[in-house]
Amino acid sequence: MKLIIASDIHGSEYYCKKLIEAVKLENPDKLLLLGDILYHGPRNDLPKDYNPKKVISLLSDYKDIILCVRGNCDTEVDQMVLPFPILADYAVLYIDGKTIYATHGHNYNEDKLPPLSKGDILLCGHTHIPARRVYENYIYMNPGSVSIPKENSRHSYIILENGEFSWKDLDGNSYSL
């Protein structure tokens with residue numbers, strides 16, 4: 001299985017289009033969105049080409065492959081306009097022999113862990129900073145942000161394929177953390 005993992009689109013038509021280009025290029029089985037789809041949030045500046053209605057339209061064409069968890073900026077109103085479920089606080093996935101706990105990061109994160117077993121992966125967005133940290137009992141990963149990267153990071157996503165995780169920017173360039 002091939003998975004694209006992305007987070008924090010925050011209503012940017014421009015960067016959502018770039019993510020869709022990556023989806024077309026990568027041809028994943030699923031696109032896992034870690035929340036904050038439409039609204040930019042009160043702590044963020046408006047992202048480039050802020051246009052939530054266009055983001056709805058762009059993502060709707062991929063509704064059959066999208067898995068999504070709720071971000072702190074996602075609401076019931078957003079669910080009314082998006083044709084795929086977005087309101088789950090987390091998802092537990094079993095992929096390529098790995099247990100992945102996917103959540104946005106505002107409720108469960110490195111400081112407040114969900115129930116994890118040794119070797120599990122905690123996959124979060126929310127911070128807008130790509131990360132991969134190995135702890136004694138789990139691995140923490142973050143794809144960064146599609147539209148509003150922080151701490152001089154790239155507009156990015158993760159690819160999970162054949163049990164391996166790799167980070168890419170929205171131009172398709174792989175990079176190391």
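Q: How do β10 and strand β11 pair, and over how many bridges?
A: In this predicted model, β10 pairs with strand β11 (residues 174–175) in the antiparallel sense, over two bridges.

Q: Which residue in β11 stands opposite W167?
A: Y175 is the residue in β11 that W167 faces.

Q: And what sits between those two strands in the hairpin?
A: There are four residues between β10 and β11 in their hairpin, and G172 takes a positive phi near 90° there.

Q: What about β9 and β10, how many bridges join them?
A: Six bridges join β9 (residues 156–161) to β10 (residues 164–169), and the strands run antiparallel. L160 has F165 in β10 as its bridge partner, and S156 stands opposite D169 in β10.

Q: How many residues lie between the strands in that hairpin?
A: The hairpin of β9 and β10 has two residues between its strands, and N162 takes a positive phi near 55°.

Q: Which sheet do these strands belong to, and what is the strand order?
A: They are part of an open sheet of six strands, in the order β3-β2-β1-β9-β10-β11, with mixed pairing. β3 (66–68) and β11 are the edge strands; each has a single partner strand, so one side of each has no neighbour in the sheet.

Q: Which helix packs on that sheet, and what does it touch?
A: Helix α1 (residues 13–26) packs on the sheet and touches β1 (2–6), β2 (30–33), β9 and β10. The direction of α1 makes about 170° with that of β1.

Q: New topic. What is the order of the sheet with five strands?
A: That open sheet runs β4-β5-β6-β8-β7, again with mixed pairing. Its edge strands are β4 (90–95) and β7 (131–134), and each of these pairs on one side only. On average, neighbouring strands in this sheet are turned by 20° against each other, direction ignored.

Q: In what sense do β5 and β6 pair?
A: Strand β5 (residues 98–103) and strand β6 (residues 120–123) pair in the parallel sense, over three bridges. I100 stands opposite I121 in β6, and Y101 stands opposite L122 in β6.

Q: And β6 with β8, how many bridges?
A: Four bridges link β6 to strand β8 (residues 138–142), and the sense is parallel. Here L123 stands opposite M141 in β8.

Q: Are the residues on the faces of β6 buried or exposed?
A: Buried, on both faces: D120 and L122 lie on one side, I121 and L123 on the other.

Q: Where is H128?
A: H128 is in the loop between β6 and β7.

Q: Why does H128 count as buried?
A: Because the relative accessibility of H128 is 2%, and buried means under 20%.

Q: Which residues does H128 touch?
A: Leaving out residues up to four places away in sequence, H128 touches D8, H10, N44, G144, S145, I148, P149, K150 and S153.

Q: Last topic, the surface. Which residues form a nonpolar patch?
A: V77, M80 and V81 form the patch, and together they have about 330 Å² of accessible area. V81 is found in helix α3 (residues 76–81).

Q: Why is V81 called partly exposed?
A: V81 has a relative accessible area of 41%. Under 20% would be buried and over 50% exposed, so a value in between counts as partly exposed.

Methods: Residues are numbered from 1 along each chain as its sequence is written. This is a predicted model: local features need pLDDT of at least 70, side-chain atom pairs count only at pLDDT 80 or more; totals for chains, interfaces and linings use all residues. Side-chain values use heavy atoms; hydrogens and water are left out. Two strands pair if DSSP finds at least two bridges between them. Axes are lines fitted to C-alpha atoms, for helices over the stretch in contact, and angles run from 0 to 180 degrees between N-to-C directions. Patches are made of residues with over 30% relative accessible area and no salt bridge: like charges are joined within 9 Å, nonpolar side chains (Val, Leu, Ile, Met, Phe, Trp, Tyr) within 5 Å. Accessible areas come from the Shrake-Rupley method with a 1.4 Å probe; for residues, only the protein chains shown count as cover. A salt bridge is a side-chain nitrogen of Lys or Arg within 4 Å of a carboxyl oxygen of Asp or Glu. Buried means under 20% relative accessible area, exposed over 50%, partly exposed in between (1.4 Å probe, protein chains only). Contact means heavy atoms within 4.5 Å.
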